[in-house]
Amino acid sequence: MGAIADWVSRMVSFIPAIRLNNVLEILIISVLIYYILIWIRDTRAWTLLKGILVICAFMLFAYVFQMDTILWLFQNLISVAIISIFVLFQPELRRALEQLGRKNILSSFFNLSGSGAADEQTVKTVEKTKSEIIKACMEMSKVRTGALIVIEQDVQLSEYERTGIFLDSLVSSQLLINIFEHNTPLHDGAVFIRNNRIVAATCYLPLSDNMLLSKELGTRHRAGVGISEVSDSITLIVSEETGMISVAHDGMLFRGLSQEELREQLSTLMKNQDAPKRSRWRRIIKNEKKANG
Ligand SMILES: Nc1ncnc2c1ncn2[C@@H]1O[C@H](COP(=O)(O)OP(=O)(O)OP(=O)(O)O)[C@@H](O)[C@H]1O
């Protein structure tokens, strides 16, 4: 018994004394890592992270097989690579710092407001948004009005919204039809929809350089595919030439959709549009409860 007590007291003496500031440090670092991970998930940095993981795996391979020249190259290029990351992701980093400046982190993290009724309301709102978008596309398709509608999901696309004119209005088929009406100030470019609201019009999107896209498709379709390559957004395209309705998602283009097919695509691809970020804890708790039955 004495030996065990002796062993325990020796083990305890190895554990460094934990003070209050150490606990605080751990908390701060955990919150920081949490927010960095959220930022990575919500931006193009996610793709970069996957690339970095592949390079790390390659480095490990080179290390295990003692490939000295490759390791030497890595060692010498690493500082250039880190600087390049900052240059490449300058817009995202700037936006993240801007958001940090605007945000009340504690209140957004611990806000437990919201209820089951609000979730039901959310589902209703998403359904309404979906119906209004479909209605608008069908109407515009009939009269061959060209349209480009981007439904934003988890990845924030503010850098593209900034190229257009800011709006903030509920989604209605009439408004969408009006925006894309020929010879009106807002008809050119793309409309962005976020959290069931039209947030911007006349936005400029990145063009896809996918060589496999049909040559008969012009820049409207290329722009729709382009934005879907850099984000998880859903883009609806109504062709001015043919009236055909297409959906671009994840770099793919689904062409010539009927009303039913369009509804089906949207139901499959649209995530819960406006589950408020501020009730994150509540959603986590809810999901845990669901998982535990
Ligand atoms: N990069 C872009 N971002 C947003 N909108 C764009 C972009 N490029 C083109 N557009 C929109 O597409 C229109 C031109 O469409 P264009 O005829 O070249 O394409 P398309 O794919 O053949 O479509 P459609 O079948 O409607 O003719 C522009 O007037 C503009 O509204």
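**View 1. The whole fold.** Among contacts in the protein between residues at least 6 apart in sequence, 65% join residues at least 24 apart (a contact means C-beta atoms, placed from the backbone, within 7 Å). This is a predicted model, so local features need pLDDT of at least 70 and side-chain atom pairs count only at pLDDT 80 or more, while totals for chains, interfaces and linings use all residues. Residues are numbered from 1 along each chain as its sequence is written. You'll find 12 helices and seven strands here (DSSP runs numbered from the N terminus, with helices being H or I of at least four residues and strands E of at least two). Of the 293 residues, 21% are buried (20 or more other C-beta atoms within 10 Å of the residue's own; 12 or fewer is exposed, anything in between partly exposed, with C-beta atoms placed from the backbone).

**View 2. The open sheet.** Seven strands line up as S2-S4-S3-S1-S5-S6-S7, with mixed pairing (two strands pair if DSSP finds at least two bridges between them). At the edges sit S2 (165–170) and S7 (252–254), each pairing on one side only. From one strand to the next, the twist averages 20° (axes are lines fitted to C-alpha atoms, for helices over the stretch in contact, and angles run from 0 to 180 degrees between N-to-C directions).

View 3. Five of the five residues of S3 are buried, so the strand is largely enclosed by the rest of the structure. Ala190, Phe192 and Arg194 are buried on one side, Val191 and Ile193 on the other. S3 (190–194) runs parallel to S1, joined by three bridges, and isoleucine 149 has valine 191 as its bridge partner in S3. With S4 (residues 197–203), S3 runs antiparallel over four bridges; there, alanine 190 partners cysteine 203. The S3–S4 hairpin has two residues between the strands, and its asparagine 195 takes a positive phi near 50°.

View 4. S1 (residues 147–151) pairs with S5 (residues 234–238) in the antiparallel sense over five bridges, and valine 150 stands opposite threonine 235. Threonine 235 also stands opposite alanine 248 in S6, a strand that runs antiparallel to S5 over five bridges. In the S5–S6 hairpin, with six residues between the strands, glycine 243 has a positive phi near 80°.

**View 5. Helices across the sheet.** H10 lies across S1, S3, S5, S6 and S7, at about 175° to S5. H11 (residues 259–269) lies across S5, S6 and S7, at about 15° to S6.

**View 6. The ligand shell.** Of the 17 residues around the ligand, Gly218, Thr219, Arg220, Ser239 and Glu240 come nearest (a residue is near if its C-beta atom, placed from the backbone, lies within 6 Å). Helix H10 (residues 219–229) supplies the largest share of the shell, four residues. The shell splits into seven nonpolar, six polar and four charged residues (Ala, Val, Leu, Ile, Met, Phe, Trp, Tyr, Cys and Pro count as nonpolar, Asp, Glu, Lys and Arg as charged, and the others, Gly among them, as polar).

**View 7. Helix H3, out in the open.** None of the 20 residues of H3 is buried, so the helix lies largely in the open. H3 (residues 45–64) reaches 28 Å from its first C-alpha to its last, close to the 28 Å expected at 1.5 Å a residue (1.5 Å times one less than the number of residues). Glutamine 66 follows H3, with a positive phi near 50°.

Methods: Two residues are in contact if their C-beta atoms, placed from the backbone, lie within 7 Å.
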